[in-house]
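I opened this model to see how its parts pack together. My notes follow in the order in which I looked things up.

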Amino acid sequence: MSKIKHYHHHFHFSYQTTIKRHLASIVGVTITVAILIFLIIHFANPNNTFNINQISWTDIFLASINTLTRLFVAYIFSLVFSIPLALLITSTPRVEKILLPIFDIIQSIPVLAFFPIVVVFFAINHAFELAAIFILFMSMLWNLVFSMVGGLKAIPEDVKSASVVFKVHGIKKLFYITLPAIFPFITTGSLLAWGQGWSIIIVAEVLHTYIPNGMVSQDLLGLGSLLVDSFAQGKNSVFLATLVIMILVISLLNFVVWQKLLHFTERFRFD
Amino acid sequence: MKNPIIFDKVSLTYDKGSDIFVVQDFTLSINQGEFFCLVGPSGCGKSTVLKIIAGLEKPSRGEIKKPETVGMVFQTGALLPWLTVENNIAFAAKMEGFSQEKVESLTGQYLKMVDLEQFRNKYPRELSGGQKQRVGIARALSIESEVLLMDEPFSALDPLTTEELHNDLLQIWQKTKKTIIMVSHLVEEAVLLADRIGIMKTGRLDSIVSVTLPRPRKEEQKEFLPEVEKVRKILHNQ
């Protein structure tokens, strides 16, 4: 009798958790899809025109979302490009000997040095948003690449041997061994990349300074452009409000994402 | 008797065309179910011999017959820190291509054999050095190879843990009837565990000593020390 009861209780419990899990995933997917649709619509018709003399809190809120989206899109691109690049560099000692110095030189050229050319190129095609994302991408990429190279080289020899002995090859090796093994390095690289991105955003959104005879109206609405333009126009209250929001957003991101991720990486570290 | 591993004049050099061999003219047959120990000074090529069997190195010359699948226990454990004890073992079995049911049953079986059932959900960093090596042993066994390679598996452990693991390893060996090839830098360890001891010097197999001491062996036995001395004399060219 007690066995049946126990079984029933157990069954009931797992049934409930399944429903809860399903509900949670439905809510999660809906929210994610909603955010994505919002971002796509928002980016397809960017409301980038703003009048620095009439900035409301809604504008600052929109600016925060724009800036975060630009950083996020650039980050995803740099993440996607950095993994094969890092794998290529460390593929053989010979490739590393050739590629590492080349990439070292490329990454030490300041991104902003060629920003005017990038802006003009994209401006011809009226793709201002892409100009900003491209420059953010270039500034984020190398932090990730070099962190990952460091991580790939730190994988213990015995672990590499074990993956051969236990027949972990190709795509399985990438997902089961390599990526988890360099996860702490990807995280620190990402942290540096975002830091770099936040510095560059101040310039990346203020396109008018790079366009010949450019006007403030050509700037992209974002926290970076609000900061620069409000200061230039002597709108101290807008400048201060934007600065406070920017610090809040960065702190929140640090608290909600990076601290949690850094803590989580502990599990992926080799002794 | 079947010989799972046969070396026929195997040589290995890292530079093609070079005369410097890491392993040179290595000829050896290992019997099925045998516990074979390779000893020798550092850099004599004993670990490289193990790597050749594991398929981590390819001989430059000579022939080797070995099973396609071999289990290996590493000096540092080489566990994946992001997987639990259970999943570290199951991972190897899964990569071997076994069905989910078989993976689960093998994992359970070898967790029990190395006495780590209560640690199945722990992560490697939560284990002691000895426990990590037990996981390494269970993982190597879980792929059901007839050959188990061990590369100085106990060299980083304290003497008490080492003694415990020696006993457990011998029990596992007797239970599973695996062929074990172990590299060690301790002559005492080799005499305690092995049927035969291969003594290596500068890439060559200098000689093979059969350990005639009856099992179970103990270091306190009066026949133990002379056996150790016999191997040491060959090792030091006396």
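Entry 1, a helix in chain B. I looked up what the buried residues of H4(B) pack against, and found E5, helix H2 (85-95), H3, E6 and helix H5 (159-176) of chain B. For contact I used C-beta atoms, placed from the backbone, within 7 Å of each other. Helices are DSSP runs of H or I with at least four residues, strands are runs of E with at least two, and both are numbered from the N terminus. I counted a residue as buried if 20 or more other C-beta atoms lie within 10 Å of its own, as exposed if 12 or fewer do, and as partly exposed in between, with C-beta atoms placed from the backbone.

Before going on I noted the ground rules. This is a predicted model, in which local features need pLDDT of at least 70 and side-chain atom pairs count only at pLDDT 80 or more, while totals for chains, interfaces and linings use all residues. Residues are numbered from 1 along each chain as its sequence is written, and chains are lettered from A and ligands numbered from 1 in the order in which they are written.

How many of the 13 residues of H4(B) are buried? I found 11 of the 13, so H4(B) is largely enclosed by the rest of the structure. Among the buried ones are Gln131(B), Arg134(B), Ile137(B) and Leu141(B). I also checked the length of H4(B): at 1.5 Å a residue it should span 18 Å, and its end C-alpha atoms are 19 Å apart, which agrees. The expected span is 1.5 Å times one less than the number of residues.

I found Phe119(B) in the loop between helix H3 (100-113) and helix H4 (129-141) of chain B. Is Phe119(B) buried or partly exposed? Phe119(B) is partly exposed, because 18 other C-beta atoms lie within 10 Å. Leaving aside neighbours within four places in sequence, I listed its contacts as Val85(B), Leu127(B) and Gln131(B). I also looked up Glu164(B), which is 45 residues from Phe119(B) in sequence and 18 Å away in space, C-alpha to C-alpha.

I traced an open sheet of 6 strands in the order E5-E6-E7-E3-E8-E9 (chain B), with mixed pairing. Two strands pair if DSSP finds at least two bridges between them. Strand E5 (71-73) and strand E9 (204-210) of chain B stand at the edges with a single partner strand each, so one side of each has no neighbour in the sheet. The twist averages 20° from one strand to the next.

E5(B) pairs in the parallel sense with strand E6 (residues 147-151) of chain B over 3 bridges. There I saw Val73(B) opposite Met150(B) in E6(B). Helix H7 (residues 224-235) of chain B lies across strand E3 (35-39), strand E8 (196-201) and E9 of chain B, at about 165° to E9(B). Axes are lines fitted to C-alpha atoms, for helices over the stretch in contact, and angles run from 0 to 180 degrees between N-to-C directions.

I then turned to strand E1 (residues 5-12) of chain B, which runs antiparallel to strand E2 (residues 23-30) of chain B, joined by 5 bridges. Phe7(B) stands opposite Leu28(B) in E2(B). E1(B) is also antiparallel to strand E4 (residues 61-65) of chain B, with 4 bridges, and Asp8(B) stands opposite Glu63(B) in E4(B).

I counted 9 helices and 0 strands in chain A. Of its 271 residues, 30% count as buried. The mean pLDDT of chain A is 86, and 89% of its residues reach 70 or more; pLDDT is the predictor's confidence in each residue, from 0 to 100. Among the elements of chain A, helix H1 (residues 2-44) has the lowest mean pLDDT (64) and H6(A) the highest (96).

I picked Tyr75(A), in helix H2 (residues 57-89) of chain A. Tyr75(A) is buried, because 20 other C-beta atoms lie within 10 Å. Not counting residues up to four places away in sequence, Tyr75(A) touches Met140(A), Ala193(A), Trp194(A) and Gly197(A).

The contact takes 16 residues from chain A and 17 residues from chain B. Helix H6 (residues 157-165) of chain A gives the largest share of the chain A side, 6 residues.

Terms used:
Contact = placed C-beta atoms within 7 Å.
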